[in-house]
Amino acid sequence: MKRILWNITFSSIITLIAYIALYAVWGAVLSGVENPTLKLFVIALMTTVAFGYILLHTSKIRKGVGEDEIVSDYEGKQYVSFADDFKLVLKRESKILICIAVIVFICFALNTFDDLVFKKKTISLITFFFAPMCLFSTVFDVSFVGYTAGYVLSAVANCVAYIFFLLMYRKKQYDYWMKNKM
């Protein structure tokens with residue numbers, strides 16, 4: 001579990017650095033968009049996609065863990081479909097998906113507590129490192145329902161982005177493995 005938390009935190013920090021570095025570029029690209037909500041949504045979506053890819057890279061690609069998992073899952077079997085692979089991935093990645101959701105909801109709890117009690121960032125300063133994982137919270141209305149919906153959407157979108165990239169990676173690696181095996 002410690003490794004999962006480290007990979008998520010490391011990926012979030014890398015995404016935060018990329019977000020800060022590319023904000024001027026994204027701002028320039030989106031300068032023609034007049035609707036501020038749409039602009040925030042697109043930035044949140046791009047950041048979430050980046051986080052999903054970076055998490056895949058840090059947790060699976062960097063140390064070759066993903067290749068070992070594919071060999072383990074498909075040795076003696078054939079890759080049938082994304083749906084079948086999705087079932088394998090959900091079993092294998094359930095802890096990381098739960099951890100992503102828990103981190104987002106802890107950020108929600110800390111930020112909400114600060115807003116209600118202190119009216120400024122106090123105990124929620126640590127959530128800064130996980131800001132790329134919670135950007136959809138900036139898109140919606142400031143009301144509690146809108147604020148909550150933003151965090152729920154953030155948790156779901158982070159998990160979906162990670163799983164999407166993982167499924168694509170696994171398919172590509174399986175095809176490569178089968179091509180070189182023959």
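The protein chain has 5 helices and 0 strands. This is a predicted model. Along the sequence, the protein chain reads α-α-α-α-α. Its C-alpha atoms fill a box of roughly 60 × 40 × 25 Å, taken along the principal axes. Helix α4 is kinked, and α4 packs with α1 and with α3. Helix α1 also packs with α2.

**Helix α4 itself**

- Helix α4 spans residues 82-118, which makes 37 residues.
- The end C-alpha atoms of α4 are only 47 Å apart. A straight helix, at 1.5 Å a residue, would reach 54 Å.
- Just after α4 comes Lys 119, with a positive phi of about 65°.

**α1 against α2**

- Helix α1 covers residues 2-29, and helix α2 covers residues 36-61.
- The two pack at an angle of about 140°, with axes 9 Å apart.
- Angles over 145 degrees would count as roughly antiparallel; α1 and α2 are therefore oblique to each other.
- The crossing of α1 past α2 is right-handed.
- From α1, the contact draws on Asn 7, Ile 8, Phe 10, Ser 11, Ser 12, Ile 14, Thr 15, Tyr 19, Tyr 23 and Trp 26.
- From α2, it draws on Ile 43, Met 46, Thr 47, Ala 50, Phe 51, Ile 54, Leu 55, Thr 58 and Ser 59.
- By class, this contact of α1 with α2 holds 12 nonpolar and 7 polar residues, and no charged ones.
- An α-helix has 3.6 residues a turn, so residues three or four places apart point the same way.

**α1 against α4**

- Helices α1 and α4 pack at an angle of about 55°, and their axes lie 10 Å apart.
- That angle makes α1 oblique to α4.
- This crossing is right-handed.
- Ile 4, Leu 5 and Ile 8 of α1 meet Lys 95, Ile 96, Cys 99, Ile 100 and Ile 103 of α4.
- The contact of α1 with α4 has 7 nonpolar residues, no polar residues and 1 charged residue.
- Ile 8 of α1 takes part in the contact with α4 and also in the contact with α2.

**α3 against α4**

- Helix α3 is made of residues 65-74.
- Its axis is 12 Å from that of α4, and the two helices pack at an angle of about 120°.
- Helices α3 and α4 are therefore oblique to each other.
- In passing α4, α3 makes a right-handed crossing.
- The residues of the contact of α3 with α4 divide into 2 nonpolar, 1 polar and 5 charged.

How values were computed: Residues are numbered from 1 along each chain as its sequence is written. This is a predicted model: local features need pLDDT of at least 70, side-chain atom pairs count only at pLDDT 80 or more; totals for chains, interfaces and linings use all residues. Side-chain values use heavy atoms; hydrogens and water are left out. Helices (H or I, at least four residues) and strands (E, at least two) are DSSP runs, numbered from the N terminus. The expected span of a helix is 1.5 Å times one less than its number of residues. The bend at a residue is the angle between axes fitted to the seven residues ending there and the seven starting there. Axes are lines fitted to C-alpha atoms, for helices over the stretch in contact, and angles run from 0 to 180 degrees between N-to-C directions. Angles under 35 degrees count as roughly parallel, over 145 as roughly antiparallel, 65 to 115 as roughly perpendicular and the rest as oblique. A crossing is left-handed if the near helix is turned anticlockwise from the far one by less than a right angle, and right-handed if clockwise. Contact means heavy atoms within 4.5 Å. Ala, Val, Leu, Ile, Met, Phe, Trp, Tyr, Cys and Pro count as nonpolar, Asp, Glu, Lys and Arg as charged, and the others, Gly among them, as polar.
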